[in-house]
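The following exercises are to be worked with the sequence and the structure side by side. Each task is followed by a solution in steps.

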Amino acid sequence: MSWDNFFNSIKTKDYYQELMKFIDKEYLENVCYPPKELIFNAFKLVDPKDIKVIIIGQDPYIHKGEAMGLAFSVNEGIKLPPSLRNIYKEIENEFNIAMDYNSGDLTYLAKQGVFLINPILTVREGKSLSHNNALYQELFKDLFEYIDTFLTQPLVIMLWGNKAKEYKKYITNKNKNMLVLESSHPSPLSANQGGWFNSGIFIKTNEYLEKNNIKKISWANSIFHLD
């Protein structure tokens, strides 16, 4: 099972063709992120049958060299954005391990079945939500219809912050196989007001996977345990 069936089912739809034209025009006339070849990187790294966890972001990072097609992830050698730093802090707190703050590339999670998806896949440089439009909303709606219909394995969906929670309406959980976990956004503005730190969201995810006889996610990007 691959994403080919999904993209074949939407490629002839008017909105998708308009979205592709919109992306082509934006990348031609403006500096946009991520690099065009990485727009669908999340889909390339995780097959539908291998998904264990879905983390819904917002849109890509807006500065040069950061965005690489996975929600919250940055390229190697890039300083960790504040939200990602707080994600690492919470992983440390929950599992009593020391994260490697020199690496913000979350490909290691994607390889374990974590689908890190931004509902808005592209952005203009320096302008958050600049590509927030109805075309992407249609794409995301169809994506979750596909996931709800064809993914039968137990999985966890994480909604971090109010923007992500807006997409809860697309999660119908037809197969009764999804655990939806909500929390504050890991950005400092939200996280420091409560609802992110000590939420236990990563432990709860692993507990659900283990209960369903699915290999847990190794959230650590290092092998160091704290005393």
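**Exercise 1. Overall dimensions**

Determine whether the radius of gyration of the chain agrees with that of a compact globule.

*Solution.* Step 1: the radius of gyration is taken over C-alpha atoms, and the globule rule is 2.2 Å times the number of residues to the power 0.38. Step 2: for 227 residues the rule gives a value near 17 Å, and the chain has 17 Å, so the two agree. Step 3: the C-alpha trace spans about 55 × 40 × 30 Å along its principal axes.

The model is predicted: local features need pLDDT of at least 70, side-chain atom pairs count only at pLDDT 80 or more, and totals for chains, interfaces and linings use all residues. Residues are numbered from 1 along each chain as its sequence is written, and side-chain values use heavy atoms, with hydrogens and water left out.

**Exercise 2. Composition of the fold**

State how many helices and strands the chain has, and what share of its residues is buried.

*Solution.* Step 1: helices (H or I, at least four residues) and strands (E, at least two) are DSSP runs, numbered from the N terminus; the chain has 9 helices and 8 strands. Step 2: a residue is buried under 20% relative accessible area, exposed over 50% and partly exposed in between (1.4 Å probe, protein chains only). Buried residues make up 53% of the 227 residues. Step 3: a contact means heavy atoms within 4.5 Å. Of the contacts with a separation of 6 or more, 71% are between residues 24 or more positions apart.

**Exercise 3. Aromatic pairs**

Classify the ring pairs Phe6–Tyr146 and Phe7–Phe43, and locate their members in the chain.

*Solution.* Step 1: rings of Phe, Tyr and Trp (its six-membered ring) pair if their centres lie within 6.5 Å; planes under 30 degrees apart count as stacked, over 60 as edge-to-face and the rest as tilted. By this rule the count comes to 23 aromatic pairs. Step 2: the ring centres of Phe6 and Tyr146 are 5.4 Å apart and the planes stand at 55 degrees, so this pair is tilted. Phe6 belongs to helix H1 (residues 4-10) and Tyr146 to helix H6 (residues 134-150), so the pair ties together parts 140 residues apart in sequence. Both Phe6 and Tyr146 are buried. Step 3: Phe7 and Phe43 form an edge-to-face pair, with 5.2 Å centre to centre and 70 degrees between the planes. This pair links distant parts of the chain, with Phe7 in helix H1 and Phe43 in helix H3 (residues 41-45), 36 residues apart. Phe7 counts as buried because its relative accessibility is 17%, and Phe43 is likewise buried at 8%. Step 4: one aromatic cluster is formed by Trp3, Phe6, Phe7, Tyr16, Phe40, Phe43, Phe115, Tyr146 and Phe150.

**Exercise 4. Backbone features in loops**

Which peptide bond is cis, and where do Phe72 and Asn198, with their positive phi values, lie?

*Solution.* Step 1: the peptide bond from Tyr33 to Pro34 is cis, with omega near -5 degrees. Pro34 is in the loop between strand S1 (32-33) and H3. Step 2: Phe72 has phi near 70 degrees, a positive value in a residue other than glycine. Phe72 lies in the loop between strand S2 (53-56) and helix H4 (82-95). Step 3: Asn198, also a residue other than glycine, has a positive phi near 65 degrees, and is placed in the loop between helix H8 (188-191) and helix H9 (201-211). Step 4: Phe72 is buried, with a relative accessible area of 9%, whereas Asn198 counts as exposed at 69%.
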